[in-house]
Amino acid sequence: MSLLIFAFGIYERIIGMITLKIYGSAIKRGLLILMILVGGLFTMQTANAEYGDIVINNYSDAAGMRPAVFPHWFHRIRFRCKVCHADLGFKFKAGGNEIDMVKIIDGQYCGACHNGSIAWSVENCDLCHSGKPRTPTQVHQSTINSLVAPAAAAAPAKPQTQQKK
């Protein structure tokens with residue numbers, strides 16, 4: 001009887017190994033997808049700008065894309081200011097550069113690092129283009145935005161005087 005149980009155990013192991021060999025990669029792939037989907041239900045959120053992030057919307061609205069959100073402090077804790085503002089040519093003003101996807105793909109501005117080698121490449125649009133539509137280019141929640149009035153609004157309108165004929 002014990003020999004029969006032993007033989008059946010070997011049979012199960014052999015069939016299990018054959019099944020795993022034939023379907024193993026599909027099973028692993030399926031489990032990975034399931035883990036991502038289930039995990040994604042709990043962790044996947046739309047990325048929005050946080051305090052100090054740069055919202056870049058020079059061309060996004062016109063192209064039908066959400067504005068790009070640049071996490072300034074995330075980059076700043078990894079790199080010195082000179083890396084982006086001197087070596088890559090970023091100006092010290094939100095919206096001061098004429099950044100578009102053609103330049104990024106050509107390796108300028110963000111594309112110097114986001115090229116698939118140093119950091120992710122441009123294929124995943126939502127990683128950057130995650131801002132709220134129609135948000136203007138700005139430092140997100142900056143006190144500058146609320147304290148400084150635009151030049152047109154700050155200057156009182158001069159009364160019009162009629163010229164004598």
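Good morning, colleagues. The model is a predicted one, in which local features need pLDDT of at least 70 and side-chain atom pairs count only at pLDDT 80 or more, while totals for chains, interfaces and linings use all residues. Residues are numbered from 1 along each chain as its sequence is written, and side-chain values use heavy atoms, with hydrogens and water left out.

I begin with confidence. pLDDT is the predictor's confidence in each residue, from 0 to 100. Its mean over the protein chain is 75, and 56% of the residues reach 70 or more. Helix H5 (residues 101-105) has the highest confidence, at 93, and helix H8 (residues 151-154) the lowest, at a mean of 49. Over residues 40-45 pLDDT stays under 50, and the model has 1 contact beyond four places in sequence for them; contact means heavy atoms within 4.5 Å. Where pLDDT is low, the predicted coordinates should not be read in detail.

Next, the architecture. The protein chain has 8 helices and 3 strands. Helices (H or I, at least four residues) and strands (E, at least two) are DSSP runs, numbered from the N terminus. The elements run α-β-α-β-α-α-α-α-β-α-α from that terminus. Two strands pair if DSSP finds at least two bridges between them; E1 (residues 54-56) and E2 have 3 bridges, and Ile54 has Phe70 in E2 as its bridge partner.

I turn to the interior. Of the 165 residues of the protein chain, 19% count as buried, where buried means under 20% relative accessible area, exposed over 50%, and partly exposed in between (1.4 Å probe, protein chains only). The largest nonpolar core has 5 residues: Cys84, Phe90, Ile99, Ile104 and Tyr109. Such a core is a set of buried Ala, Val, Leu, Ile, Met, Phe, Trp, Tyr and Cys residues joined through side-chain atoms within 4.5 Å. Leaving aside neighbours within four places in sequence, Ile104 is in contact with Ile99, Cys110, Gly111 and Val122.

Most residues other than glycine have a negative phi. Tyr109 counts as buried because its relative accessibility is 16%. Arg134, in the loop between H6 and strand E3 (138-139), also has a positive phi, near 65°. At 68% relative accessibility, however, Arg134 counts as exposed.

Finally, the largest pocket. A pocket is an open set of points, on a 1 Å grid over the protein atoms alone, where a 1.4 Å probe fits, with protein on both sides within 12 Å along at least five of seven lines; lining residues have an atom within 4 Å of a point. About 1,200 Å³ of space lies in this pocket. Of its 47 lining residues, Val69, Pro71, Trp120, Leu127 and Cys128 lie nearest its centre. H6 gives the largest share of the lining, 4 residues. Leu127 is found in H6 and counts as partly exposed, because its relative accessibility is 43%. Leu127 and Ala68 are 59 residues apart in sequence, yet 8.5 Å apart in space, C-alpha to C-alpha.

Note on methods
Grid points are joined across faces, edges and corners, and a volume is the space filled by probe spheres set on the points.
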